[in-house]
Amino acid sequence: HWKHGGIVGVRGYGGGVIGRYSDLPEEFPNIAEFHTFRVNMPAGWFYTTDKLRQLCDVWDKHGSGLTNMHGATGDIILLGAPTSDLQSCFDDLSEIGFDLGGSGSDMRTPSACVGPARCEYACIDTLDVLHSITLEFQDELHRPMFPYKSKIKISGCPNDCVAAVARSDISVIGTWRDKIRINPSEVAKYASDSLDIQSEVIDLCPTSCMSWDPGSRALSIDDGECNRCMHCINLMPKALRVGKVRGATILVGGKA
């Protein structure tokens, strides 16, 4: 029983607050106005416990206390504030170092995986890229000016842990240009530890660019045919590593 009853927001911003009204206000007066804040999350979703406590204290003061960590775009979602508390809640969020994310026909809040902060597969510094993009598009993020929403997501490798390809309009995917690094002794260990390299790795390669000699326990890769799907690396992380010449592939085309 929710309805859109007009535009609500905070001073200077056209996005970041989504109006929610109950169509049964007489029956449910406590949620007659139940607006949603989208709050820009830290890069890689890294928090200190102190910062989370500050965030929850602000939300307990001004809203329902309900949160969604995190929304589909990546934002911190604060569910349920009355119109009278919107500006004061935003002011208090600003005081503890948080800004609003995107909503409506604007640049939605960019998001990125943890990248080199925690992941050995990262081919780019996703956190730095996210920070730069967020600062560059501040105006587009806070003041809707597009005919439709637009999303940017950054993944450090083709595993694409933030689902950039599936859920954004501009996907930045970390990748490499040289050969997958092979450690033959570790390959042999995987073969000895009951991994069926032929059926579980070679036969599942989407471009059939790999071959396996069980007699000599030799694994070879035609890197020119490899599409960087990460399947073999995920199954044999000690034996196979991403290349050293690293960069990013940028995919442009709306899906979300």
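**Figure 1. Contacts and overall dimensions of the predicted protein chain.** Of the contacts (heavy atoms within 4.5 Å) in the protein chain with a separation of 6 or more, 64% join residues 24 or more positions apart. This is a predicted model, in which local features need pLDDT of at least 70 and side-chain atom pairs count only at pLDDT 80 or more, whereas totals for chains, interfaces and linings use all residues. Residues are numbered from 1 along each chain as its sequence is written, and side-chain values use heavy atoms, with hydrogens and water left out. The C-alpha trace of the protein chain spans about 75 × 35 × 35 Å along its principal axes. Eight helices and 14 strands form its secondary structure (DSSP runs numbered from the N terminus: helices, H or I, of at least four residues; strands, E, of at least two). Buried residues (under 20% relative accessible area, with a 1.4 Å probe and protein chains only) make up 42% of the 256 residues.

**Figure 2. The largest nonpolar core.** A nonpolar core is a set of buried Ala, Val, Leu, Ile, Met, Phe, Trp, Tyr and Cys residues joined through side-chain atoms within 4.5 Å. Among the 25 residues of the largest one, Ile 197, Met 210, Ile 233, Met 236 and Leu 240 touch the most other members. At least two residues of this core come from each of helix H6 (184–192), helix H7 (197–202), strand E11 (210–213), strand E12 (218–221) and H8; the largest share, three residues, belongs to H7. Beyond its neighbours within four places in sequence, Leu 240 is in contact with Ile 180, Arg 181, Ile 182, Met 210, Leu 219, Ile 221, Cys 232 and Ile 233.

**Figure 3. The surroundings of Thr 73.** Thr 73 is placed in the loop between strand E5 (66–69) and strand E6 (76–81). This residue counts as buried because its relative accessibility is 8%. Not counting residues up to four places away in sequence, Thr 73 touches Met 41, Arg 108, Thr 109, Ser 111, Lys 151 and Lys 153.

**Figure 4. The lining of the largest cavity.** A cavity is a set of points, on a 1 Å grid over the protein atoms alone, where a 1.4 Å probe fits but cannot get out; lining residues have an atom within 4 Å of a point. The lining of the largest cavity comprises 16 residues, with Cys 226, Cys 229, Met 230, His 231 and Cys 232 nearest its centre. Helix H8 (residues 231–235) contributes the largest share, three residues.

Notes
On a 1 Å grid over the protein atoms alone, a cavity is a set of points where a 1.4 Å probe fits but cannot get out, and a pocket is an open set with protein on both sides within 12 Å along at least five of seven lines; lining residues have an atom within 4 Å of a point. Buried means under 20% relative accessible area, exposed over 50%, partly exposed in between (1.4 Å probe, protein chains only).
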